[in-house]
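Please take a moment with the sequence and the three-dimensional picture before reading on. The paragraphs below go through the fold step by step, starting with its strands and ending with its helices and loops.

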Amino acid sequence: MSQRDLRQPHSFPRLRRGRSSLLSSSRSDTSFRLSSMNQRTMANDQQRLLYLFELPQEPIQTPRGGGSVQFKLENDDTPPSVATRVGLSPSVSVPVPERKDVALQDLGTATSIPMGSAFSFFLASHRRAARDLCNVFMKTNGAEDLMQVAARVHGKVNETLFIYAISFVILRKKELHSVRLPTMVEVFPSRFVPQEALSRAQLQVNRMDPNQSEAVIIEHGPEFSGSPVKPEHRVSYWREDYGINVHHWHWHLIYPPGMGVDRDRKGELFYYMHQQIIARYDMERLSLGLPRVQKLDNWRVPIEDGYFPKLTVNNSGRAWGSRQDNTLPKDFRRTEIGDPVDITDLEIWRARLLGAIHQGYMVDRNGDKVPLRDDVTSGKRGIDILADALEADADHSVNFPYYGDLHNIGHDILAFSHDPDNAHKEEMGVVGDLGTSLRDPVFFRLHKLVDDLFQEYKLTQPPYKEEELFLPGVRIERAGVVRDDEADVLLTGWNTREFEASRGIDFNGRPVILRLTHLDHKPFDYHIQINNDLREPKEVTVRIYLAPKFNGREQEMNFMEQRILWCELDKFTVHLKPGKNHVVRSSKESSITNLEELTFKDLENSGPGNSSEQSAFNFCGCGWPQHMLLPRGRPEGMAFQLFFMLTDYAKDKVSNPGGVRRCANGVSFCGMQDAKYPDARPMGFPFDRRPAPTLQGLPVNTTADYARLGNAFMHDVTIKFLGDKLN
Ligand code: CUO
């Protein structure tokens with residue numbers, strides 16, 4: 001009997017957030033128990049669907065949930081050894097009746113992506129496959145129906161495609177709004193931890209006494225994919241952070257191109273969310289003494305920085321492609337997955353987009369002009385029209401054949417630059433995948449190019465007039481931050497978070513924990529003293545941004561240099577009473593962040609989840625990771641500036657017929673479910689445009705000149721990096 005056959009049910013250990021750690025659990029310890037276990041049925045929609053996310057590479061009949069749950073497929077043609085090999089008697093059996101309505105031929109192109117290989121949303125053929133599979137899942141009615149259909153499809157389509165499609169459908173279907181998605185870190189640990197570490201854990205498991213039940217721990221970070229010899233590796237802890245990569249995956253699930261999804265201000269949010277990622281990356285780079293990221297505007301010269309991911313695809317052991325230093329991008333000739341595209345095409349599309357920006361209009365397929373300006377009737381803004389043609393969303397581009405597919409194909413050419421014609425049969429690089437692309441430095445160079453086009457458009461927009469910036473009668477007297485009774489000094493350093501790798505990968509049924517080291521900070525509060533000189537209460541929007549005070553040369557920046565470095569920290573509404581007001585707001589309430597990644601264990605322990613708060617959760621579950629709210633700063637302290645601005649909520653608010661679902665977190669980057677984006681002003685206001693030439697009769701040179709308006713305020717803060725001493 002092999003080691004594998006000796007598998008016993010094991011309890012899952014408690015997971016820890018923070019420095020203290022778990023090392024082992026015993027069977028007598030707080031055993032993992034599915035809340036509905038003793039009912040021998042799936043208690044709610046959450047539990048009905050949760051186990052479809054577990055062990056994506058293993059046959060669906062493999063016991064899940066620590067050996068306690070098993071899908072039982074009626075008339076199944078899978079060898080019985082899969083279900084019986086483990087010698088378990090799972091206490092919850094999930095019957096899956098035969099579904100004659102789900103035949104392989106109904107899946108369209110969904111079966112065209114080989115199992116174990118990468119799935120790239122930047123490839124048109126893979127988007128088509130996703131659309132075909134999502135269409136099948138979208139036709140289901142309720143969680144039980146979806147679970148049955150998905151369980152039947154499991155194993156017949158690519159693993160990442162399967163997880164993508166089921167996540168997409170859960171997010172789109174109203175009746176499933178209470179169902180939450182488990183973190184990608186647990187579904188696909190191989191996207192976050194090098195294969196070497198996973199193999200070591202497997203070896204350790206193989207050598208363990210079968211009666212032992214301790215969890216194996218995989219430690220990872222903050223030293224990530226390379227050595228500091230290459231300057232780009234100094235910031236790899238940031239690019240390879242699990243939270244920002246999960247955020248990027250989740251964001252694109254909500255705002256996909258080519259999937260028939262047309263959300264309010266979708267294009268503008270594509271611009272803004274990615275612009276903010278670059279601003280944050282630049283802030284991090286300046287913290288480390290690195291220059292701001294350079295746009296990739298010449299495809300005819302080699303890309304200086306290579307990237308070696310050391311990860312595998314879909315937990316399959318198949319390696320992602322690596323790019324050597326100084327690789328020259330080449331024409332795309334992976335004809336097995338897409339039409340040929342030349343570097344020249346990228347150049348032509350970029351020139352056409354720039355032409356449209358400078359002329360102020362695009363040309364649709366009938367040859368008619370489509371002005372790049374906000375259209376009150378359709379609700380589309382100029383930037384949405386531009387973004388749809390640039391991302392590109394073939395469904396929504398005004399002229400897809402003419403303006404092309406610059407951003408998506410840009411990802412593809414970079415993802416295959418090491419093997420553009422499949423001569424070596426190498427897998428794509430990580431920049432081709434939504435859940436890994438931020439790891440590669442070239443992602444930021446590509447997106448800097450994309451952002452450059454958006455900024456070119458933004459510079460054609462008239463600067464805000466004084467009356468658009470000024471809010472009479474309301475004045476910020478003082479504003480700053482307080483942490484642990486200390487004012488204006490913020491602390492960052494390393495922290496750890498644990499996840500169960502064994503939910504995504506089968507380690508002979510034993511618990512294996514990932515302990516990931518990540519950047520974090522001490523929570524803090526904003527304090528804002530506001531005078532309302534009006535005789536009546538006033539509702540205002542508070543906008544808070546952070547930027548480095550000095551550029552890479554340690555000089556203060558003028559407005560234009562600092563403009564696209566400002567990172568949104570928070571945005572919220574405050575009801576001001578007449579007279580003095582003291583507003584206190586916690587950093588944890590940020591409008592851009594998602595507080596927690598939800599683990600399988602969190603979701604197993606969650607209740608039925610039907611409150612409206614919980615219903616909104618998945619959507620709010622999108623967001624920048626809270627632990628990455630602040631840049632690292634420097635051990636000796638680094639100077640940053642906070643910018644506070646109050647605007648009139650009466651002008652900012654957006655009417656949302658049918659009720660507004662308030663979700664506390666993530667709104668600025670992710671919008672709101674079933675509702676319009678809740679801020680009428682352009683995203684990034686007031687830094688999205690050139691400065692007003694004068695304010696209150698004086699010229700504007702720096703952001704501080706905006707603070708001449710009483711409703712704006714600037715304040716210096718220091719960010720200190722404490723390393724291991726954060727906790
Ligand atoms: Cu998010 Cu290029 O759009 O990665």
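This is a predicted model: local features need pLDDT of at least 70, side-chain atom pairs count only at pLDDT 80 or more; totals for chains, interfaces and linings use all residues.

Two strands are said to pair if DSSP finds at least two bridges between them. S8 is joined to strand S9, residues 486-487, by two bridges, and the two strands run antiparallel. Together S8 and S9 make a hairpin with two residues between them, and in the turn Asp484 has a positive phi of about 45 degrees. S8, which covers residues 474-483, also pairs with strand S12, residues 525-532, again in the antiparallel sense and over eight bridges. Val482 lets the reader follow both pairings, for it stands opposite Ala487 in S9, while its bridge partner in S12 is Asp525.

From here we can turn to another sheet arrangement. Seven strands form an open sheet in the order S3-S11-S10-S21-S18-S13-S14, with mixed pairing. At the edges stand strand S3 (216-220) and strand S14 (567-576), and because each has a single partner strand, one side of each is left without a neighbour in the sheet. From one strand to the next, the twist averages 30 degrees. The partner of S3 can be examined in detail: five bridges join S3 to strand S11, residues 512-521, and these two strands run parallel. One place to look for this pairing is Glu219, whose bridge partner in S11 is Arg515. Helix H10, residues 266-287, packs on the sheet, where it touches S11, strand S13 (538-548), S14 and strand S18 (638-648), and its direction makes about 115 degrees with that of S14.

The next topic is the aromatic side chains. A pair of aromatic rings is described by the distance of the centres and the angle of the planes. A search of the whole structure finds 30 aromatic pairs. Among them is the pair of Trp238 and Trp624, which is tilted, with 5.8 Å from centre to centre and 45 degrees between the planes. Since Trp238 lies in helix H8 (residues 236-239) and Trp624 in strand S17 (residues 624-625), the pair ties together parts that are 386 residues apart in sequence. Are these two tryptophans, Trp238 and Trp624, buried or exposed? Both Trp238 and Trp624 are buried.

Another pair is made by Tyr271 and Tyr272, whose ring centres are 6.4 Å apart and whose planes meet at 55 degrees, so this pair is tilted. Tyr271 has a relative accessible area of 2% and is therefore buried, and Tyr272, at 1% relative accessibility, counts as buried as well. Both tyrosines belong to a cluster in which ring pairs link Trp251, Tyr255, Phe270, Tyr271, Tyr272, Phe454 and Phe669.

Helix H14, residues 406-415, is the next stop, and it is mostly covered, with 10 of its 10 residues buried. Which helices do the buried residues of H14 pack against? They pack against helix H3 (124-138), H10, helix H11 (343-359), helix H12 (382-391) and helix H15 (441-458). The buried residues of H14 include Leu406, His407, Ile409 and Asp412.

Two loop residues complete the tour. Thr436 has its place in the loop between H14 and H15, and because its relative accessibility is 0%, Thr436 counts as buried. Leaving aside its neighbours within four places in sequence, Thr436 is in contact with Arg191, Asn245, Trp320 and Val430. Ser68 is found in the loop between helix H1 (45-50) and strand S1 (69-73). Buried means under 20% relative accessible area, and with a value of 10% Ser68 is therefore buried. A polar atom of the Ser68 side chain lies 2.4 Å from the backbone oxygen of Gly65.

Of the contacts in the chain with a separation of 6 or more, 76% are accounted for by residues 24 or more positions apart.

Key: Residues are numbered from 1 along each chain as its sequence is written. Side-chain values use heavy atoms; hydrogens and water are left out. Helices (H or I, at least four residues) and strands (E, at least two) are DSSP runs, numbered from the N terminus. Buried means under 20% relative accessible area, exposed over 50%, partly exposed in between (1.4 Å probe, protein chains only). A polar contact is a pair of N or O atoms within 3.5 Å; within protein, one must be able to donate a hydrogen and the other to accept it, and residues adjacent in sequence count only if both atoms are side-chain atoms. Axes are lines fitted to C-alpha atoms, for helices over the stretch in contact, and angles run from 0 to 180 degrees between N-to-C directions. Contact means heavy atoms within 4.5 Å. Rings of Phe, Tyr and Trp (its six-membered ring) pair if their centres lie within 6.5 Å; planes under 30 degrees apart count as stacked, over 60 as edge-to-face and the rest as tilted.
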